[in-house]
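This report goes through one protein chain, from the whole fold down to single residues. Please look at the structure before reading on.

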Amino acid sequence: MGEACHRCHSCQLYPAGNHPVAQWVSAAVKSIGIEKITAVGATLNTTPQISSTQVVVVEEAQLMTENAANALLKTLEEPTGSSYLILLTDYKASLLPTVLSRCLQVRMTSTDKGEVKSALLSLDIEAKDYVISFANQSISKITQWNDDGTLGLFDDVYQAFISWLKGEKSDAHLATLANSELTLAFLLFLLEKRTKQRLLKGVDNSGLAIGLINDFRRDGKKIKGRNSALAIRKLLLELRAELVG
């Protein structure tokens, strides 16, 4: 793959955010709505202006609402020959099966964990293994979390999670700490990791636990405010018999 020259007209347009054939779609707050996905379809159906192809990247594709994902299906079912639609996600299981079945799935390799630790230490940042895994070895993400104080929140959630597994902390206590989109995602990551460990040991019904976690990832973003905290407590209660102790 070639390197960007950073000098031509195309390279100058992209950082400015107005490249006519290369667009990046990000989640607004907690979700990607149907309006953004409809705009993606409209973009990909136009004729490229300064290139033979055009590209749209949807970041955190698992945050698409159900209506947005269904709107995306039409674009996936009727692709044009001069366009590329790239969906990025850390949670493939949260995407609709109908969307997954129409995509070429590529697992991206990541930087070695030891290399990440060395790079972070050079920046005077010490990150735990579980944070590095949650960030998919992304140095930029961990650096941002260090700068905004999120690393400390992750540590609080992790310590409470370990105590919850030992039966020393309540569902309500752990749910209270998962009070933001990011800390909730981290808690779901820890729950899924614990479940997969038990699956490898042949523990019965661990597959059911994975299903509960994936259902929450898909549907939980629809729940807001106080109801969100109640939904997290309900999930923890359902998982307690499988994971605690």
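What follows describes a predicted model, starting with the chain as a whole.

**The whole chain**

The protein chain contains 12 helices and three strands. Its overall values are listed below.

| Property of the protein chain | Value |
|---|---|
| Share of the 245 residues that count as buried | 36% |
| Share of contacts joining residues at least 24 apart, among contacts between residues at least 6 apart in sequence | 66% |

Helix α2 covers residues 34-44, and its buried residues are I37, V40, G41, T43 and L44. Viewed down the axis of α2, these buried residues lie within an arc of 160 degrees, so they line one face of the helix.

**A residue in a loop**

Q62 sits in the loop between β2 (54-58) and α3 (66-77). Is Q62 buried or exposed? A residue is called buried when its relative accessible area is under 20%. Q62 has a relative accessibility of 9%, and therefore counts as buried. The side chain of Q62 also has a polar partner: it makes a polar contact with the side chain of T89, at 2.8 Å.

Which residues make the nonpolar surface patch of about 270 Å²? The patch is formed by Y84, I86 and L88. Of these residues, Y84 is found in strand β3, which spans residues 83-87.

Note on methods:
Residues are numbered from 1 along each chain as its sequence is written. This is a predicted model: local features need pLDDT of at least 70, side-chain atom pairs count only at pLDDT 80 or more; totals for chains, interfaces and linings use all residues. Side-chain values use heavy atoms; hydrogens and water are left out. Patches are made of residues with over 30% relative accessible area and no salt bridge: like charges are joined within 9 Å, nonpolar side chains (Val, Leu, Ile, Met, Phe, Trp, Tyr) within 5 Å. Accessible areas come from the Shrake-Rupley method with a 1.4 Å probe; for residues, only the protein chains shown count as cover. A salt bridge is a side-chain nitrogen of Lys or Arg within 4 Å of a carboxyl oxygen of Asp or Glu. Helices (H or I, at least four residues) and strands (E, at least two) are DSSP runs, numbered from the N terminus. Buried means under 20% relative accessible area, exposed over 50%, partly exposed in between (1.4 Å probe, protein chains only). A polar contact is a pair of N or O atoms within 3.5 Å; within protein, one must be able to donate a hydrogen and the other to accept it, and residues adjacent in sequence count only if both atoms are side-chain atoms. The arc is that of the directions from the helix axis to the C-beta atoms. Contact means heavy atoms within 4.5 Å.
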